Amino acid sequence: MKITFPDGSVKEFEKGTTAYQIAESISPRLAAEVLVATVNEKIRDLNLPIEEDSSIKLHKWDDPEAKHAFWHTSSHLLAEALTELYPGVKFGIGPAIENGFYYDVELPEGVVVKESDLEKIEKKMYELAGRKEALIRRNITKADAMKFFADKGESLKTELISELADGTITTYTQGCFTDLCRGPHLANTGDIKAIKLLSVAGAYWRGDEKRQQLTRIYGITFPKKKLLEEYLVMLEEAKKRDHRKIGKEMELFTFSEMVGKGLPLWLPKGTDLRLRLEMFLKGLQKRYGYQQVITPNIGAKQLYVTSGHWEKYGKDAFRPITTPEEGEEYLLKPMNCPHHCEIYKSSPRSYKDLPVRLAEFGTVYRYEQSGELHGLTRVRCFTQDDAHLFCRPDQIKDEFIKVMEIILIIFKALKFENFEAQISLRDKVNREKYIGSEENWEKAEQAIIEACQETGLKAVVEYGEAAFYGPKLDFMVKDALGRRWQLGTIQVDYNLPERFGLEYTGADNQKHRPVMIHRAPFGSMERFVAVLIEHTAGKFPLWLTPEQAVVLPISEKFNEYAQQVASRLNLLDVRAIGDFRDEKIGRKIRDNELKHIPYLLIVGAEEAEGGTVAVRRQGEGDKGKMSIDEFAKMVNSEVNEMIKDF
Ligand SMILES: [Zn+2]
Ligand SMILES: [Zn+2]
């Protein structure tokens, strides 16, 4: 049979050769490192025989596919350890997650697993991994699977099996542990060299709060000790940078149970930061021909029935708002798009008017389960830096390029140096699910690819990742800790113009449908600020930070002078405050350093007499004495240098 490699080369192998053997034939070193393989676009175990001409990709640790199989296999290892330590334990599900894995288990009557037990379980996992047990795959009938798991009293597994179709059931066994699973897995648990169980939590069986509560154990594993050590250091650093912690220390935002779960309250300093970001983007958008609009925070239910949102998301949304008037129903706005469609429709449009670019910092409301809420990254109310571009099909490429320029300027201004883009296109085969004509899709997909080429943006193409209503481009940034965040989306939409009957008059005097493009460079202000905090650890660029300087009088005697300095600086466009607490100067310096205010200005007798300030720059140390105006000039020119490109 012919095996095609990712570089296009083709080699002949005997039928029944496994991916592992193919790796071995290339080099023993590759065979030692490869963890799982993609055969004909499907991820599979290394030791499954390949029976026909196939394309193959061998995955080492650095590939997400390998990590996924590695962590998923680790959940089996955890389950095996639990079986030995807590006989009678029942298993729910044990998936890989973004970083590591978990297993949901029902512990025997009276048994509790606490954080303090994790070390013992970890030890058992190391012991079992040391046995280097192979994972053995079996295809069995539904009836056999039912009997096998029922005999072991695995009531959660039998519930899962009862929902499966016959003939598709596989089990995997390592040592004395057998799991219902479709794979893929590592060939051998011996590849798992470093193990850390991270936490224990409660989780309802199948996420249903009416079902029993299970114990969820989280962990992470690696093929090398060193990788685990690095991960744990990163985790410590991430804790220090947690936006919820820094947001509190810097007094940026808060939450109140009284106001409601998942509803952020922006404090004055956070508001200042957010408004400055908004001003920055508004300025850019103005330059790129956007028009600012404002729409209400609620809309008639019929609006979202028309847009299709009600049908698709209505079940999991806030309930409709009724009025004293019979039959009137409103929804909290979950999206700005339908409102903008109606603005587009408010006047007749000709091909010469396009593109129409409508922008709004639009606040939307989406219901999230309370357990899913997390700081500013998962909230129930957030503001999108939204815009909708209505254009002709031949304008898509230009519009994409312009939005990409805006996004790249933002990344530069905020020092996101490490980013990549993903182009999401249609599935190559299965095309019935997409709405819009073949010709339009072809054009739009090509336009996005060319826009990336012309701007020199590195982008990966993913087939089958497009929404049903159009292709899109997503930006992923890596923060200072190497974590990936999705920020910024540009999305083509053929659906809403159809549903809202949007039109323009073409050069041919006929009516045509415009193409709609949704775009949000920040995504939402909430999420973006959270990512920015974690990326910068609260050390925002000088142009953006809410407070650029703090004046520290060395004793109460100089409070008045310090006040004068702060007022003078504010007049000169420097955002300065004073620290007038009755504390020692050393303490004041330390406290204000923690607040990440870039400049500390220390004033005592000498400064008060000479009309000067003693300047310290965070992270750089003493900058010497200077007059108040000199200092203001220095800060302003530093800021101007930063923002001269935007
Ligand atoms: Zn599995
Ligand atoms: Zn939209």
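**Notebook: loops, a sheet and a core**

I began at E41, which sits in the loop between strand 3 and strand 4. Strands here are DSSP runs of E with at least two residues, helices are runs of H or I with at least four residues, and both are numbered from the N terminus. I noted that this is a predicted model, where local features need pLDDT of at least 70 and side-chain atom pairs count only at pLDDT 80 or more, while totals for chains, interfaces and linings use all residues. Residues are numbered from 1 along each chain as its sequence is written, and chains are lettered from A and ligands numbered from 1 in the order in which they are written.

I checked the backbone of E41 and found a positive phi of about 70°, although E41 is not a glycine. N40 lies in the loop between strand 3 (36-39) and strand 4 (42-44), and N40 has a positive phi of about 50° without being a glycine. Are these residues buried or exposed? I used this rule: buried means 20 or more other C-beta atoms within 10 Å of the residue's own, exposed means 12 or fewer, and partly exposed is in between, with C-beta atoms placed from the backbone. N40 counts as exposed because it has 12 C-beta neighbours inside 10 Å. E41 has 11 other C-beta atoms within 10 Å, so E41 is exposed.

**Entry: cis peptide bonds**

I looked up two prolines next. The bond from G183 to P184 is cis, with omega near 0°, and P184 is in the loop between strand 11 (177-180) and strand 12 (194-204). The bond from L354 to P355 is cis, with omega near 0°. P355 lies in the loop between helix 12 (337-345) and strand 20 (356-365).

**Entry: the whole chain**

I stepped back and counted 20 helices and 33 strands in the chain. The C-alpha atoms fill a box of roughly 90 × 75 × 60 Å along the principal axes. Of the 646 residues, 36% are buried. Two residues are in contact if their C-beta atoms, placed from the backbone, lie within 7 Å. Among contacts with a separation of 6 or more, 69% come from residues 24 or more positions apart.

In which order do the strands of the open sheet of 8 strands run? I read the order as 16-20-21-28-25-24-22-23, with mixed pairing. Strand 16 (291-292) and strand 23 (459-463) stand at the edges with a single partner strand each, so one side of each has no neighbour in the sheet. Strands count as paired when DSSP finds at least two bridges between them. Strand 16 and strand 20 run parallel and are joined by 2 bridges, and Q291 stands opposite L358 in strand 20.

I then followed strand 25. Strand 24 and strand 25 run antiparallel, joined by 7 bridges, with Q486 in strand 25 as the bridge partner of M476. They form a hairpin with 5 residues between them, and G482 in the turn has a positive phi of about 85°. Strand 25 pairs with strand 28 in the antiparallel sense over 5 bridges, and D493 stands opposite M516 in strand 28. Strand 25 is largely enclosed by the rest of the structure because 7 of its 10 residues are buried.

**Entry: helix 14**

The 18 residues should span 26 Å, and the end C-alpha atoms are 26 Å apart, which agrees. Its buried residues are W441, A444, E445, A447, I448, A451 and C452. Seen down the axis, these fall within an arc of 155°, so they line one face of helix 14; the arc is that of the directions from the helix axis to the C-beta atoms. The face turned away carries the exposed residues E438, E439, E442 and Q453. The buried residues pack against helix 13, strand 22, strand 23, strand 24 and strand 25. Just after helix 14, G456 takes a positive phi of about 70°.

**Entry: the cores**

I used this meaning: a nonpolar core is a set of buried Ala, Val, Leu, Ile, Met, Phe, Trp, Tyr and Cys residues joined through C-beta atoms within 7 Å. Which residues touch the most other members of the largest nonpolar core? F400, I448 and V529 do, among its 63 residues. Neighbours within four places in sequence aside, F400 is in contact with A447, I448, A451, L473 and I490. A second, separate core of 47 residues includes I22, L58, A81 and L128.

Technical notes: Expected span 1.5 Å × (residues − 1).
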